Amino acid sequence: MTARQRLTILGSTGSVGASTLDVVARHPDRFEVYALTALNRADTLFKQCLEFQPRIAVVLEEAAAQDLRRRLHEAGSRCEVHSGAAALEEVARLREVEIVMAAIVGIAGLRPTLAAAQAGKKVLLANKEALVTAGAVLMDAVRASGATLLPIDSEHNAVFQALPSDYAGPAASGVRRILLTASGGPFRTLPLRELDRVTPDQACAHPNWTMGRKISVDSATMMNKGLEVIEARWLFDVPPERIEVVIHPESVVHSLVEYVDGSVIAQLGNPDMRTPIAYALGYPGRIEAGVEFLDLARIGALRFERPDLERFPCLKLAYGALAAGGTAPTVLNAANEVAVEQFLAGSLGFRQIPELIEAVLGGVDCAAVTGLEDVLAADRAARERARAWLQAARPRGTPLRQAAGS
Ligand code: NAD
Ligand code: MG
């Protein structure tokens, strides 16, 4: 029997983290969970530790770590519990670990994802914000260490599957365009004036996918697709004008690659993250994912439309930041993270999300990226600018609760 592959899951208590454990549990002969990490949700992490018996668990706060340590000890577990951001990086680069699932949300996942790339791991990348904010830095690290970077985002996983295995860039491989599909989210057909009144729960009720709250709001604004355009630029080394977004409400075609001969190759499947996760875990082979198989006749019809940029200004802002280059995507991401947090807290209206991002992009100098420090500095500056905007805007802005409560 070949040795089992050891795995660290960064962000195991989230939506992607849980789906990863679901796939792993189907293949106990192939994978061993070595480390699990979470921000909080100690109950979920505690249960995961009992079920998967990792050697190490990491939480951010020491108080939460002490509590988890005591509970695990009482339950007879020998799992070590660590705390702090540095411990996240350590479990990402452990010599014993071969595979790292990067499933933390936001730029918070950048350092541990980078650590895994620098250590030459097989990196399963769900944490798109790491590539959006530090694309050049992360891709350089992958090249320097010989790490394998496998996209988990369903669109990029689809593109990866539709590209030749010896893909050498768009020109060399005859790729004309990459077509990223987007469901359009819960507000695709809502009358525009009603967008002012939508609540966080409505924004998080995605028609096809169940996901964490941040990415759900990003899907509703379509900033998610904007971030994915930037992600595709780095993963596949394609210029922005060769990346197109197509609305596809059924979320069955996960993305497509158009070749110079007119062929278009797509990857299809039911919308279930366990497919891209299983693909990456098994790569270069295929393993079972536990997903329901696709019944095309039952689905009947697949629709495709062009995105409406008036409804989804975030998509335009993301293309703009990608064209501007340097730290502009980092600034875009930071402003979006602040805006989504405020929207979810009920302090910012849905339509103010792009307003805030545009103001921050216009109010911060974007510079070239020479290393991680430039990225982190741009992130800090953008967050400061966003906070200043919020303070100035709040007295005259329409608080969400007031707008939604009428
Ligand atoms: P989630 O909110 O459900 O889970 C996030 C995980 O990260 C949790 O385990 C949480 O404890 C941890 N975390 C959050 N903040 C942290 C911090 N500051 N430090 C350390 N850990 C922290 O999110 P999700 O939906 O699973 O998404 C995770 C990532 O995968 C995101 O980047 C998202 O864009 C991407 N993604 C998700 C899906 C999906 O279906 N959910 C699909 C494609 C891509
Ligand atoms: Mg996606």
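Tutor: Let's start with the backbone. A polar backbone atom of Gly 11 sits 3.2 Å from an oxygen atom of ligand 1, a polar contact in the sense of a pair of N or O atoms within 3.5 Å (within protein, one must be able to donate a hydrogen and the other to accept it, and residues adjacent in sequence count only if both atoms are side-chain atoms). For Ser 15, a backbone N or O atom is 2.9 Å from a ligand 1 oxygen atom, and a polar backbone atom of Val 16 is likewise 2.9 Å from an oxygen atom of the ligand. On its own, ligand 1 has 830 Å² of accessible area, and the protein covers 89% of that (Shrake-Rupley method, 1.4 Å probe; for residues, only the protein chains shown count as cover). Helix H1 (15–25) and helix H6 (128–145) are the elements that give two or more residues to the shell; helices here are DSSP runs of H or I, at least four residues, and strands are runs of E, at least two, numbered from the N terminus.

Before going on, a word on the ground rules. This is a predicted model, where local features need pLDDT of at least 70 and side-chain atom pairs count only at pLDDT 80 or more, while totals for chains, interfaces and linings use all residues. Residues are numbered from 1 along each chain as its sequence is written, chains are lettered from A and ligands numbered from 1 in the order written, and side-chain values use heavy atoms, with hydrogens and water left out.

Back to the shell: 23 residues surround ligand 1, and Thr 13, Ser 15, Leu 39, Glu 129 and Gly 212 are the closest (near means a heavy atom within 4 Å). By class, 13 are nonpolar, seven polar and three charged.

Glu 129 also turns up among the contacts of Asn 333, along with Ile 107, Val 132, Thr 133, Lys 214 and Leu 227, leaving aside neighbours within four places in sequence (contact means heavy atoms within 4.5 Å). Asn 333 lies in helix H15 (residues 328–344) and is buried, at a relative accessible area of 0% (buried is under 20%, exposed over 50%, partly exposed in between; 1.4 Å probe, protein chains only).

How far can you trust it? The protein's mean pLDDT is 95, with 97% of residues at 70 or more; pLDDT is the predictor's confidence in each residue, from 0 to 100. Over residues 400–406, though, pLDDT stays under 50. Where pLDDT is low, the predicted coordinates should not be read in detail.

Methods. Ala, Val, Leu, Ile, Met, Phe, Trp, Tyr, Cys and Pro count as nonpolar, Asp, Glu, Lys and Arg as charged, and the others, Gly among them, as polar.
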